[in-house]
Amino acid sequence: MARAFLFVLDSFGIGGAADAERYGDAGANTLAHIAEACAEGRADRERLRQGPLFVPHMASLGLGKAAGTATGLAFAHFGTDLLANAFHGAAQEVSSGKDTPSGHWEIAGLPVRFDWGYFPDTVPAFPADLTAAMIREGEVSGILGNCHAPGTEIIERFGEEHIRTGKPICYTSVDSVLQIAAHEVHFGLERLYEFCQVVRRLVDPLRIGRVIARPFVGETAGTFQRTYNRHDYAVPPPEPTLLDRLTARGSRVIAVGKIGDIFAHRGISEVRKAAGNMAMFDKALGAMDDAGDGDLVFANFVDFDTEFGHRRDVAGYAAALEAFDRRLPEALAKLQQGDLLILTADHGNDPTWRGTDHTRERIPVIGTGPGLRGGDVGLRATFADIGETVAEHLGLAPGRHGTSFHAMIGGHA
């Protein structure tokens with residue numbers, strides 16, 4: 001029996017990207033800077049967390065070793081006692097962006113070789129003809145925002161006017177994205193989704209990666225709060241991914257979190273969502289129970305990115321990592337002979353970095369499986385090596401991109 005479990009800690013980069021300077025991110029390192037802040041007491045927060053970063057279970061899978069592979073930096077305080085069948089390494093992204101679709105598609109064996117479209121950091125940010133089409137075809141009286149902005153800030157700024165006028169709040173960032181915030185009650189959740197579908201079609205010629213519905217509740221600036229009914233409308237991958245290859249041969253791909261949205265629901269057998277990392281972990285554990293021979297559970301834990309990375313909340317990010325680590329033994333206990341568990345990330349989002357956006361970083365590649373030999377898989381030239389390793393483990397023929405490290409860890413296809 002062969003099953004695979006791929007857990008993405010969204011934005012948990014480990015620094016060292018060879019091309020980070022090109023993105024303005026030379027020196028960014030999500031893990032190292034969080035660990036440094038914790039060691040210096042700068043991530044202490046009453047009733048949340050205290051002291052050095054404590055992630056012993058990820059350390060036992062080789063997180064410190066992976067970080068060393070990525071940057072050459074030593075993480076002695078993570079310890080050197082590794083599980084006998086653990087493997088560790090790091091991977092460099094070859095896709096042109098540092099965004100969610102690029103990272104996930106590359107993990108699934110499909111690097112993004114084309115350039116996404118982006119909106120300029122101007123006011124207005126959107127071309128006039130696009131704005132006019134959004135208003136006309138979306139049947140709204142106008143839009144608010146039309147600029148680069150953090151999501152919580154722009155909702156606070158325009159939320160009351162949105163409720164009063166019914167105009168959706170439309171904004172973007174340095175990513176290839178057009179986000180639309182609207183009140184779940186006053187505007188309506190289904191109406192928001194329908195408006196996003198219209199906008200998705202309109203931005204296709206601009207090569208915008210995602211249109212994201214950002215619903216919120218509350219009545220005043222001080223009470224607005226985004227809900228977990230977010231929905232991403234993504235461009236479908238231009239070639240088959242690992243997910244397509246698996247479902248085509250009859251295997252199940254159980255998507256936990258926003259994985260289904262990222263792949264435009266292509267190659268997905270079932271979607272399971274929940275609110276927050278810990279509820280998502282419960283869903284992932286349930287999917288592990290339900291997975292059969294040849295199946296993949298692909299889970300994304302988005303809070304690291306949305307709640308803490310973008311908000312530059314070092315203490316919150318550290319606490320979230322520690323909470324995830326405390327739950328990790330529950331997943332390890334569910335592994336059976338023939339299983340493969342890989343923990344990784346899709347990009348960085350250093351909470352100590354300037355601005356509020358993703359950071360170009362290498363990612364950890366750590367994991368385990370009963371009966372594996374484990375060991376050091378080194379620095380992988382592309383995230384696609386992860387997907388190709390899963391493919392080989394599950395008995396698929398090699399894909400067009402990436403190189404499996406299955407043999408290096410004593411795999412049992």
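Reply: Happy to! This is a predicted model.

Me: Why is Asp346 called buried?

Reply: Buried means under 20% relative accessible area. Asp346 has 0%, so the label applies. Asp346 lies in the loop between strand S12 (339-344) and strand S13 (363-368).

Me: And why does Asp10 count as buried?

Reply: Here too the cut-off is under 20%, and Asp10 has a relative accessibility of 0%, so Asp10 counts as buried. Its place is the loop between strand S1 (3-9) and helix H1 (30-39).

Me: What makes the approach of the Asp346 side chain to the backbone nitrogen of Ser11 a polar contact?

Reply: A polar contact needs a pair of N or O atoms within 3.5 Å. The side chain of Asp346 reaches the backbone nitrogen of Ser11 at 2.9 Å, so the pair falls within that limit.

Me: Which residues does the UniProt annotation "binding site" cover?

Reply: According to the unreviewed UniProt entry, "binding site" covers Asp10, Asp346 and His347. They are spread over 338 residues of sequence, yet they cluster in space, with a largest C-alpha distance of 7.2 Å.

Me: Why is Gly286 called partly exposed rather than buried?

Reply: Buried is under 20% and exposed is over 50%, with partly exposed in between. Gly286 has 22% relative accessibility, so Gly286 counts as partly exposed. Gly286 sits in helix H10 (residues 277-290).

Me: How do you know that S9 pairs with S11?

Reply: Two strands pair if DSSP finds at least two bridges between them. S9 (residues 253-256) and S11 (residues 296-301) are joined by 4 bridges and run parallel, so they pair. Ala255 has Phe298 in S11 as its bridge partner. S9 also pairs in the parallel sense with strand S10 (residues 270-272), over 3 bridges, and Val256 stands opposite Arg272 there.

Me: What makes both faces of S9 covered?

Reply: In a regular strand, side chains alternate between the two faces of the sheet. In S9, Val253 and Ala255 on one side and Ile254 and Val256 on the other are all buried.

Technical notes: Residues numbered from 1 in each chain as written. Predicted model: local features only at pLDDT ≥ 70, side-chain atom pairs only at ≥ 80, totals over all residues. Heavy atoms only, no water. Helix = DSSP H or I, 4+ residues; strand = E, 2+ residues; numbered from the N terminus. Buried < 20%, exposed > 50% of the residue type's maximum accessible area, 1.4 Å probe, protein only. UniProt positions renumbered as here; feature names shortened; annotations may be inferred. Polar contact = N/O pair within 3.5 Å; in protein donor to acceptor, adjacent residues only side chain to side chain.
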